[in-house]
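Morning, everyone. Please bring up the structure on your screens, and I'll walk you through it.

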Amino acid sequence: MLEKIEGIVIKTQDYGETHKIVTIFSKKIGKFAAIAKGAKKPKSRMAAVTQPFIYGEFLVYVHSGLSTIQQGEIIYSLRPIREDIIKTAYAAYILELTDKLIDEKSPDRFIYDQLLLTMDWIAENVSYDIPVMMYEMKLFQKGGFAPIVHHCVNCGSTEKPFSFSVAEGGLLCKRCMHLDQLAFSISDLLARLLHLFASVGLERIGTITMKDENIAKLRQILDAYYDHYGGYYIKSKKFLNQLDKLK
Ligand SMILES: [Zn+2]
């Protein structure tokens, strides 16, 4: 069946001499893979629209296995991301994470919207650590392994202060902190931010400014958490970590 499908290209692979296999995360049918015939030829009309990060509208023959892209039109190329190596690294990371944690052909309008908002934010803004972490938290929820951040994971208390325990899977209140000697001690502000990341979509955020040390701490917590529960190795994360060390 030929369908008009709006989506974002999250992965491409060469297929033979001239074709590409393109993975698209779409609004209508979720994630799917499709062959783009001739897309490797530089003069092909398909070449531009089947690059990673392209947000476009595609005419697709949808099959139960590999679909076929018949035509495509760029809605937004996210060019500012392409032109900046750091933005590219962040965008590549969230797309790879999305690819790993989202099942094929299982549409999720919320995650789709959050991904587009996050990509757009990366393209248009100087600082994007917070939107990226907010999106990661949404993906952790989608993957079914998100931390408990609205109360103590052990006793349910909402009384401050909290620490964050990777092993216990979320916040621990003062009475329960002894359960994990390795828990991160966090300020009330950071506990509130973790809750915000888990419960609010990016569309509700205007601007957030945060001290670098707070961003670094939240980054460290989410990384430790993903390493423990995420299950998939994320190649592009290695490059991001190298960039971080250069900062
Ligand atoms: Zn407790």
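Let's begin at one pair of residues. Phe-164 has Phe-184 as its bridge partner, and Phe-184 sits in strand E8. Keep in mind that we are looking at a predicted model.

Strand E8 covers residues 184–185. Its link to E6 is made of two bridges, and the strands run antiparallel. E6 has another partner. That is strand E7, residues 170–173, paired with E6 in the antiparallel sense over four bridges. Find Ser-163 on your screen. Opposite Ser-163 stands Leu-172 in E7.

How many residues lie between the strands in the hairpin of E6 and E7? Four, and Gly-169 takes a positive phi near 90° there.

Now the two sides of E6. In a regular strand, side chains alternate between the two faces of the sheet. Are the faces of strand E6 covered or open? Both are covered. Phe-162 and Phe-164 are buried on one side. Ser-163 and Ser-165 are buried on the other.

Next, the barrel. Five strands close into it, in the order E1-E2-E3-E5-E4, with mixed pairing. On average, neighbouring strands of this sheet are turned by 50° against each other, ignoring direction.

Look at E1, which spans residues 2–15. Which strands does E1 pair with? One is E4, residues 55–61, in the antiparallel sense over seven bridges. Another is E2, residues 19–26, also antiparallel, over eight bridges. A quick reminder: strands of a sheet pair through backbone hydrogen bonds, either parallel or antiparallel.

Here are some pairs to click on. Gly-7 has Gly-56 in E4 as its bridge partner. Lys-4 stands opposite Leu-59, again in E4. On the E2 side, Thr-12 has Val-22 as its bridge partner.

E1 and E2 also form a hairpin. Three residues lie between them. In the turn, Gly-16 has a positive phi of about 70°.

Helix H3, residues 85–101, lies across E1 and E2. H3 runs at about 105° to E1. Helix H4, residues 109–124, packs on the sheet too, and touches E1, E2 and E4. The direction of H4 makes about 60° with that of E1.

Zoom out, please. The chain has eight helices and eight strands.

What share of the residues counts as buried? The figure is 33% of the 247.

Last topic: domains. The domain assignment gives domain 1 as 2–77 and domain 2 as 109–147 + 182–246. Their centres, taken over C-alpha atoms, are separated by 28 Å. How many residues make the contact? Domain 1 gives four, and domain 2 gives five. On the domain 1 side, the touching residues divide into three nonpolar, no polar and one charged.

How values were computed
Residues are numbered from 1 along each chain as its sequence is written. This is a predicted model: local features need pLDDT of at least 70, side-chain atom pairs count only at pLDDT 80 or more; totals for chains, interfaces and linings use all residues. Two strands pair if DSSP finds at least two bridges between them. A residue is buried if 20 or more other C-beta atoms lie within 10 Å of its own, exposed if 12 or fewer, and partly exposed in between; C-beta atoms are placed from the backbone. Axes are lines fitted to C-alpha atoms, for helices over the stretch in contact, and angles run from 0 to 180 degrees between N-to-C directions. Two residues are in contact if their C-beta atoms, placed from the backbone, lie within 7 Å. Domain bounds come from an automatic or database domain assignment. Ala, Val, Leu, Ile, Met, Phe, Trp, Tyr, Cys and Pro count as nonpolar, Asp, Glu, Lys and Arg as charged, and the others, Gly among them, as polar.
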